[in-house]
Every structure is written in C-alpha cells, then in structure tokens.
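Here are my notes on the model, point by point. Please keep the structure open while you read.

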Amino acid sequence: MLTGPRADRTPVPISRQPLAEIKVDVKAVEADLASFVPAELVLAVEPDTSGVIMDCSNGGVSWASHTTVRVSRPPDLEEMAERLRATWARASEFSVVVGDPRQAGDGFYLVGSGAQSYMVGMLGDVVQIMSFGPCFELVPERDGYPWDIRAE
C-alpha cells in the first residue's frame with residue numbers, strides 16, 4: 001500500500017513551463033537544500049550541470065538532476081529537515097517528509113504539487129540531493145530532444 005504524499009494518485013497537472021525555466025528552478029532548490037547542510041561540515045558543493053528527461057504521468061516528462069555535497073562527517077538529516085520546515089522561504093510549497101521509504105528511512109524528501117520531488121540522503125560519504133522537476137510538456141522545438149538534453 002502506498003502512503004505519504006501523492007498516495008492518492010490524483011492526476012498530476014502538466015506544466016507548460018519551458019525546460020530552461022524548470023532547470024533554473026530545480027537547480028535553485030538544490031542549492032537551497034545544500035545550504036541546510038551545516039557549514040562546518042561542508043567540504044565542497046558539486047552541482048551536476050546536466051540532467052536527464054524522464055517520463056511522468058499523463059504523457060508529460062520531468063527533468064532529473066542532482067547536487068553532491070562532500071562532508072567531513074554525516075550531518076543529522078532529521079535536524080536538517082526540521083530547520084528546512086521552520087526557516088526555508090519555500091517550505092510551504094512542499095510536503096517535507098523525513099524517512100525515504102526507498103532507503104529504509106534514511107534522509108528526507110520534498111514533494112510539490114506538480115509532482116516535483118527532491119530526495120536528500122547520505123550516499124556513501126556524501127550528501128546526495130536528487131531532483132525530479134515538475135511534469136511538463138516537452139516541446140522539442142523549444143526545449144530540445146531528450147537525447148540532446150543529456151549531452152548538455
């Protein structure tokens with residue numbers, strides 16, 4: 001049985017926003033999330049400059065990317081999620097859930113109304129922020145073709 005945000009499987013709206021705008025927003029959220037890693041633990045923040053197109057509901061697509069935060073030791077991810085809920089200017093746009101069910105409870109994730117999601121967790125000795133933008137209509141003439149998007 002599915003639980004948590006989107007468990008109702010309500011159809012997801014398809015955004016008409018162009019990929020270029022979605023990329024900017026996704027990378028801004030990744031940067032915001034990375035800023036919640038305690039500064040004294042951060043060795044380097046490494047945003048991925050590319051991404052991939054993935055299918056999502058109702059015939060739309062989503063742009064997926066990630067940012068890696070190298071740390072001197074693992075941060076308290078539950079504490080990060082609490083600070084995010086309490087102080088992040090965009091917190092009201094997302095459901096913030098501690099415990100990623102796909103990773104046996106480690107980390108936290110955010111889900112927005114357009115099916116965008118962000119997962120924050122430890123992957124080895126780094127904090128990995130994985131992003132899946134909102135479902136949108138891919139217009140190849142405007143956005144590029146999926147095989148070209150990965151090559152950027």
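1. Start with helix α1. Its buried residues are L19, I22, K23, V26, V29, E30, L33 and A34. Seen down the axis of α1, these buried residues fall within an arc of 140°, so they line one face of the helix. The arc is that of the directions from the helix axis to the C-beta atoms. Buried means under 20% relative accessible area, exposed over 50%, and partly exposed in between (1.4 Å probe, protein chains only). The face turned away from the buried side of α1 carries the exposed residues A20 and V24. An α-helix has 3.6 residues a turn, so residues three or four places apart point the same way.

2. A word on the basis. This is a predicted model, where local features need pLDDT of at least 70, side-chain atom pairs count only at pLDDT 80 or more, and totals for chains, interfaces and linings use all residues. Residues are numbered from 1 along each chain as its sequence is written, and side-chain values use heavy atoms, with hydrogens and water left out.

3. Helix α1 covers residues 19-34, 16 residues in all. From first C-alpha to last α1 reaches 22 Å, close to the 22 Å expected at 1.5 Å a residue. The expected span is 1.5 Å times one less than the number of residues. Helices (H or I, at least four residues) and strands (E, at least two) are DSSP runs, numbered from the N terminus.

4. What ties α1 to the loop between α2 (77-87) and β4 (94-98)? The side chains of R90 and D25 meet in a salt bridge, 2.7 Å from N to O. R90 lies in that loop and D25 in α1, so the pair ties together parts that are 65 residues apart in sequence. D25 is partly exposed at 29% relative accessibility. D25, R90 and E93 are linked in a network of salt bridges. A salt bridge here is a side-chain nitrogen of Lys or Arg within 4 Å of a carboxyl oxygen of Asp or Glu. The count comes to seven.

5. E46 forms another salt bridge, with R70, the closest N and O atoms being 3.0 Å apart. E46 is in strand β1 (residues 42-47) and R70 in strand β3, so the pair ties together parts that are 24 residues apart in sequence. Both are partly exposed: E46 at 32% and R70 at 37%.

6. Next, the hairpin. β2 and β3 pair in the antiparallel sense over four bridges. Pairing needs at least two DSSP bridges between the strands. V52 has A64 in β3 as its bridge partner. Five residues sit between β2 and β3, and N58 in the turn has a positive phi of about 55°.

7. How many disulfides are there? The count is one: C56 to C135, S to S 2.1 Å. C56 lies in the loop between β2 (52-55) and β3 (61-71) and C135 in the loop between β7 (126-132) and α3 (140-143), so the pair ties together parts that are 79 residues apart in sequence. The cut-off is two cysteine sulfur atoms within 2.5 Å. C135 is buried at 4% relative accessibility.

8. Last, the aromatics. W88, F94 and Y118 form one cluster. W88 and F94 are stacked, 5.5 Å centre to centre with 20° between the planes. F94 and Y118 are edge-to-face, at 5.9 Å and 80°. Rings of Phe, Tyr and Trp (its six-membered ring) pair if their centres lie within 6.5 Å; planes under 30 degrees apart count as stacked, over 60 as edge-to-face and the rest as tilted. W88 is buried at 8%, and F94 and Y118 are buried too.
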